[in-house]
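Here are my notes on this one, as numbered points. Have a look at the model first, then read on.

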Amino acid sequence: MDFNIFLLRLGLEPNNFKNKPIEPVQFDRGFIFETEQIVEERKCPHCSSHDVYINDYRFVEYRCTENQNITDILRVKKPRFKCQKCGKTFTKSLEGINPYSNITNQVKQFILNDFSRPFTFTEIAKNYHISLNHVIKIFDGQVKFVPRLKMPRILCIDEIRFSEEINQKFVCVITDFENKEIVDLIKNRQMPYLREYFDNIPLKERENTKVFISDMYDAYSTICHRYFTNAIHVVDLFHVITQLTNAVNRIRTRVMNNEAGKGTMKYNFMKAHWKYFLCLKSHIPNKRYVYQKTGESYFYAEMVYECIKLSPDLWDGWMCLQELFRYTDMYTYDEATNFVIWISEKLLKTNNELLKSVGKTYHKWRYEIANGFNKKQTKIRYTNAIAEGLNNQLKTIIKSAYGYHNFNRFRKRAMLIMTYKNKS
């Protein structure tokens with residue numbers, strides 16, 4: 001094997017070693033390559049004296065590789081010098097290997113590249129046969145700061161569950177609706193953290209944001225009105241519909257247990273096919289449900305109607321939900337506003353506290369909901385669907401690592417994997 005080419009491929013300077021043929025020795029994970037360091041200049045790093053001599057030799061092993069799967073070890077015979085003036089001993093460092101390190105700079109670069117890939121720290125440590133603490137030390141030492149992106153024209157803000165700690169339960173995620181990428185992560189969704197974060201963003205940059213999309217969390221509304229004065233506040237459609245579907249589903253469960261009667265045909269249908277009580281009636285499949293005990297058979301739509309007639313509350317909730325699904329017909333802001341007010345008033349007139357609570361929420365957020373319901377000239381309805389998709393990827397990063405205890409480390413890793421992976 002050519003001596004110079006081999007060392008250059010490992011990112012090492014051939015002039016640091018004696019030029020001699022390298023014969024690899026195979027072991028269980030790859031090969032061991034032995035060579036010897038040469039030192040042209042002998043100068044004491046302590047007293048700068050040139051009156052030094054070789055005191056002894058020692059072998060030092062470095063992990064090295066030409067690709068992403070490290071399997072080789074470079075064993076270097078290094079002379080240890082002693083200064084006759086000050087009496088101290090020392091060794092010379094090798095170009096391409098940092099002092100006190102047992103991996104080459106090239107391997108360290110491979111590890112740094114893997115930080116932008118969806119590998120856990122444990123997987124990286126296993127791939128390069130180094131300790132987990134060593135990988136984390138490299139990450140913390142080399143990845144000092146990962147900058148956020150600029151505030152986007154259409155901003156989505158949402159949160160994900162991060163840990164069980166009281167002050168660290170939810171991490172706030174800012175997403176660019178148009179470019180489908182994460183702008184930044186904020187340590188907490190509570191107001192003190194949000195104010196501190198947005199206070200540090202220049203006014204001119206915040207003024208570029210024209211649409212602010214969030215769920216119905218009061219702190220987000222405050223942030224939008226205080227820091228994004230030029231932006232339209234849009235409440236995400238998913239959270240609007242979920243408010244009512246959750247209420248209807250809770251009523252369905254109560255009716256199933258109390259009115260339907262356990263083991264009856266209606267009870268079994270309501271339990272097994274609950275999703276058909278929460279969807280548009282036109283989406284109910286055109287097939288028959290057969291009750292095994294008696295052999296009775298009815299169409300699914302017929303069964304849904306028979307079940308919701310068991311309770312006035314379930315009937316009112318289901319009918320309001322069917323009306324809510326007509327939001328797709330709203331093309332102007334005035335139409336959408338009147339529609340939301342009508343739905344909220346209809347819910348408030350019911351006799352069920354769950355439905356009334358949803359009606360109050362809709363009335364409180366009627367203008368923001370209308371901004372989400374009305375269809376723009378571009379035929380786009382602004383939703384947090386992009387943010388929800390990216391949030392699922394963030395949850396995968398957290399789950400695969402069995403959780404993160406250090407938010408700053410998680411933020412840097414998530415930004416590298418999801419935002420900067422394809423950027424220079």
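1. A term to start with: a polar contact is a pair of N or O atoms within 3.5 Å; within protein, one must be able to donate a hydrogen and the other to accept it, and residues adjacent in sequence count only if both atoms are side-chain atoms. The side chain of Arg206 reaches the backbone oxygen of Tyr227 at 3.0 Å.

2. Some housekeeping: this is a predicted model, where local features need pLDDT of at least 70 and side-chain atom pairs count only at pLDDT 80 or more, while totals for chains, interfaces and linings use all residues. Residues are numbered from 1 along each chain as its sequence is written, and side-chain values use heavy atoms, with hydrogens and water left out.

3. Back to Arg206, which is buried (under 20% relative accessible area, 1.4 Å probe, protein chains only) yet has no salt bridge. A salt bridge here would need a side-chain nitrogen of Lys or Arg within 4 Å of a carboxyl oxygen of Asp or Glu; the nearest side chain of opposite charge, Asp199, is 6.0 Å away.

4. What does Arg206 contact, leaving aside neighbours within four places in sequence? Phe198, Ile201, Tyr227 and Phe228, with contact meaning heavy atoms within 4.5 Å.

5. Of its 56 residues, Phe115, Phe198 and Phe410 touch the most other members.

Technical notes. Buried < 20%, exposed > 50% of the residue type's maximum accessible area, 1.4 Å probe, protein only. Lys, Arg positive; Asp, Glu negative; His and termini not counted. Core = buried A, V, L, I, M, F, W, Y, C linked by side-chain atoms within 4.5 Å.
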